[in-house]
Amino acid sequence: MSSGICADCSAPNPTWASINRGVFVCDECCSIHRGLGRHISYIRSLHSNSWPPVLKETVYTLVNKGANSIWEHALHDGHSKVKIKKPGMRDKPHPTKYEFILAKYKLLLLLPKLSHKDNPNYMEDLCKQLHASVRTSNLETCLRLLSLGANPNYVHPDRGNTPLHVAAQAGQAMQVELLCVYGANPCLLDRLGHTPEECARIAGHHQLADRLIESQYELTDKLSFFLCGRKPVHSIGEHYLVPQVSGSGLNLGLTEARSRLQELSNDLFEQLAADVYDEVDRRETDALWLTTQQLQSSVAFLPVNPTLSPLRNQGRQKLATLDAQEFAQLVVDILVDTKRRQMISLETGHKSGTVVPSTSDEQPPGCYDPHDYDEVPVEEITRSPPPSNGGYSTIRELDDVCEEEEQLPEYAEVKAQHPGRTPGPAPDPAKLNVIQGQLKEVQVKKEKLEEVNETLQKKLMDMQQQLNKVIEENSQLRTSTKSPTSPTAAAMPTSPPPPPPTDQTTGIEPQPAYAQVDKSKKTGRHSGGSRSPSHPQSIPSPRHSGHTPTKLLSPKRSSDALTPPPGRVDTPPVRQDTPLSDSPFEEPSSEGAGKKAGPSLDVIHLHIKKLTHCIQELLQAAQGQRQSSFPPCSLKITRAVEAMTQLFPAAATSQEVQVSLREVVLAAKHLQGECRVSGHSDLAFRTRHIINSAYDVAKAARHLVMCVEQEKDQ
């Protein structure tokens with residue numbers, strides 16, 4: 001298997017890796033992987049410098065040893081009945097590549113189908129094979145067993161240890177990385193009371209032992225790195241690094257939010273920390289993605305995770321509405337409370353604050369999830385305004401969600417099946433039989449709901465295909481109606497004079513794909529499902545791509561700096577007689593505006609492409625640490641925004657579009673101010689501020705396009 005081609009379409013020179021799948025993918029396939037979610041495919045750029053060396057070596061080894069053949073087994077099996085064709089590099093991303101990647105990684109239709117009807121101990125045998133294989137260097141064998149459902153936290157009944165203990169004692173560093181990616185808990189104890197780190201140190205593998213300590217604090221390390229670009233030094237006993245956020249003084253809303261955060265149980269706190277970790281990963285990857293890709297290809301919010309309840313999925317997606325300052329404050333408060341809870345757990349005799357992580361893409365035992373959700377996110381989620389009192393509302397929403405889940409009768413029925421989680425007397429056999437009967441009824445309901453969900457997925461796929469056809473026809477029609485003159489001249493009947501000559505050419509072809517995401521979002525969402533809390537006195541670990549983080553412990557590169565919010569969706573509507581305060585642009589005059597029509601979508605898309613190109617130039621300059629290029633690039637962005645605002649006559653523009661215009665203007669002004677600052681001692685700190693400000697301009701422009709397209713549809 002060559003590592004120089006994409007695993008999904010065979011395109012040359014892939015630049016992204018799926019860590020948990022052990023494959024490389026190209027830009028187009030990567031955009032589809034990111035849309036599926038980190039619980040399906042954990043994406044990271046090959047050019048990122050945040051890779052731990054052993055983890056990067058593990059992924060390259062899996063690629064070179066043909067890990068992709070595991071996920072495409074049916075394509076090479078002559079006896080397989082699966083009728084799926086692998087796409088080529090020239091095939092369209094939607095629906096051709098999307099349907100193949102969905103079947104390959106989410107539905108797992110190409111994995112080997114092993115019959116286990118005659119073997120009731122099928123899963124037990126898989127786990128024992130994994131337990132024996134990790135002492136060797138055969139990574140592809142362990143990946144195959146994990147893909148079939150082997151439990152990385154399986155405790156051997158005779159030896160009393162887990163596969164991670166075995167790999168650590170044998171000094172198999174890459175096996176340790178693979179197990180941790182799939183959710184192995186580095187804080188579990190064997191029958192002698194040793195953690196995997198202690199087993200490695202006793203065997204003389206001190207470097208591996210240090211790496212296992214880092215794995216225990218992966219989540220908090222990632223959050224610290226996201227805020228200040230540094231990690232704590234665990235070798236000297238520094239396990240937490242909590243930076244200060246400017247402008248986080250006395251605030252009643254923030255004080256109340258912190259109080260609610262401290263009142264959360266350990267289970268709810270783990271869930272919130274895991275969701276914040278996923279949001280940090282999304283923001284970091286999105287910032288790196290925007291340096292090379294188009295604006296509309298970014299992921300605006302966390303994709304739906306079917307192992308979580310619908311209400312929690314909504315709360316996760318609302319994290320994207322927090323601006324840089326609010327989100328940074330939430331991250332800091334989580335770090336502070338994590339340290340406090342860790343100290344309490346150590347005083348009570350616990351060795352670590354980690355939680356036993358989940359082990360597969362399915363619900364862990366004891367969780368009832370009827371899968372009666374809609375995988376298309378609700379449209380309002382992407383635009384719901386953040387709290388205006390300076391706090392963060394996610395904690396309260398998460399608390400309410402879990403309180404509501406605990407009131408469900410199905411939750412109580414399933415919870416009664418696991419008395420070991422809450423100490424108490426042995427259940428009465430008669431009551432146990434009644435509960436088992438109720439559990440069977442719940443299982444039947446679950447199977448029926450899964451069938452309904454499968455039907456809805458098929459309908460959704462059909463609707464997606466129809467939408468793609470309409471988009472393709474629209475694109476062909478737009479191409480056929482273009483005149484030989486310049487795009488600006490062609491738009492003269494419906495738009496003001498063109499922008500200055502410096503913004504005329506960018507070399508980027510228009511790709512009117514902004515409507516693809518929003519028009520495919522359905523507002524239908526079913527209620528139901530609950531998730532049992534995980535073990536207390538513990539803190540989440542994020543490396544397993546199939547789940548939310550489950551140890552409050554790690555980070556990558558940060559793109560969101562701690563800057564004030566440039567503009568919000570919940571800003572009061574802009575009045576025609578109120579100029580933009582402190583804005584470098586003037587609001588379009590209302591005189592004679594009633595005679596002007598709004599700009600066409602073609603013209604808006606053209607200006608958005610120009611703005612995107614200018615933002616990409618700035619981000620590339622920031623990556624190359626070319627400070628002298630910051631002011632000219634910000635000036636180009638300012639001019640592009642100014643030209644775009646001139647397209648909209650005040651009298652013919654709705655209030656929502658005016659608010660969006662104001663957001664773009666304020667975001668561009670803030671970016672220009674950041675680029676003008678000189679003499680800062682910390683170049684990396686200033687660069688993160690500029691990248692974050694540029695990202696805010698891009699988000700504001702994307703929201704403007706959404707508003708205009710909705711107005712046109714109406």
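**Enclosed space, helices and backbone**

Analyst: About 220 Å³ of space lies in the largest cavity, where a cavity is a set of points, on a 1 Å grid over the protein atoms alone, at which a 1.4 Å probe fits but cannot get out, and a volume is the space filled by probe spheres set on the points, which are joined across faces, edges and corners. The general idea is that rolling a probe the size of a water molecule over the atoms shows where empty space is left. Please keep in mind that this is a predicted model, in which local features need pLDDT of at least 70 and side-chain atom pairs count only at pLDDT 80 or more, while totals for chains, interfaces and linings use all residues. Residues are numbered from 1 along each chain as its sequence is written, and side-chain values use heavy atoms, with hydrogens and water left out.

User: Which residues lie nearest the centre of the largest cavity, and which helix gives the most to its lining?

Analyst: Lining residues are those with an atom within 4 Å of a point. The largest cavity has 18 of them, and Arg34, Gly37, Arg38, Asp281 and Pro303 lie nearest its centre. By class, the lining has five nonpolar residues, seven polar and six charged; here Ala, Val, Leu, Ile, Met, Phe, Trp, Tyr, Cys and Pro count as nonpolar, Asp, Glu, Lys and Arg as charged, and the others, Gly among them, as polar. Helix H1 (27–36) and H14 each supply at least two lining residues, and H14 gives the most, with four.

User: How is H14 built, and how many of its residues are buried?

Analyst: Helices are DSSP runs of H or I with at least four residues, and strands are runs of E with at least two, numbered from the N terminus. A helix can be checked against its expected span, which is 1.5 Å times one less than its number of residues. H14 covers residues 266–290, and its 25 residues reach 36 Å from first C-alpha to last, close to the 36 Å expected.

User: Why is H8 described as largely enclosed, and what covers its buried residues?

Analyst: Helix H8 (residues 163–170) is largely enclosed by the rest of the structure because six of its eight residues are buried, namely Pro163, Leu164, His165, Val166, Ala167 and Ala168. What covers these buried residues includes helices H6 (122–133), H9 (173–181), H10 (196–202) and H11 (206–216). After H8 comes Gly171, with a positive phi near 75°.

User: Where are there positive phi values in residues other than glycine, and which residues does a cis peptide bond join?

Analyst: Most residues other than glycine have a negative phi, and most peptide bonds are trans. Ser10, in the segment before strand S1 (16–18), has a positive phi near 65°, and Asn13, found in the segment before S1 as well, has one of about 55°. Ser10 counts as partly exposed because its relative accessibility is 34%, whereas Asn13, at 64%, counts as exposed. A cis peptide bond, with omega about 5°, joins His94 and Pro95, and Pro95 is found in helix H5 (residues 93–106).

Definitions and conventions. 1 Å grid on protein atoms, 1.4 Å probe; cavity = no way out; pocket = protein on both sides within 12 Å on 5 of 7 lines; lining within 4 Å. Buried < 20%, exposed > 50% of the residue type's maximum accessible area, 1.4 Å probe, protein only. Contact = heavy atoms within 4.5 Å.
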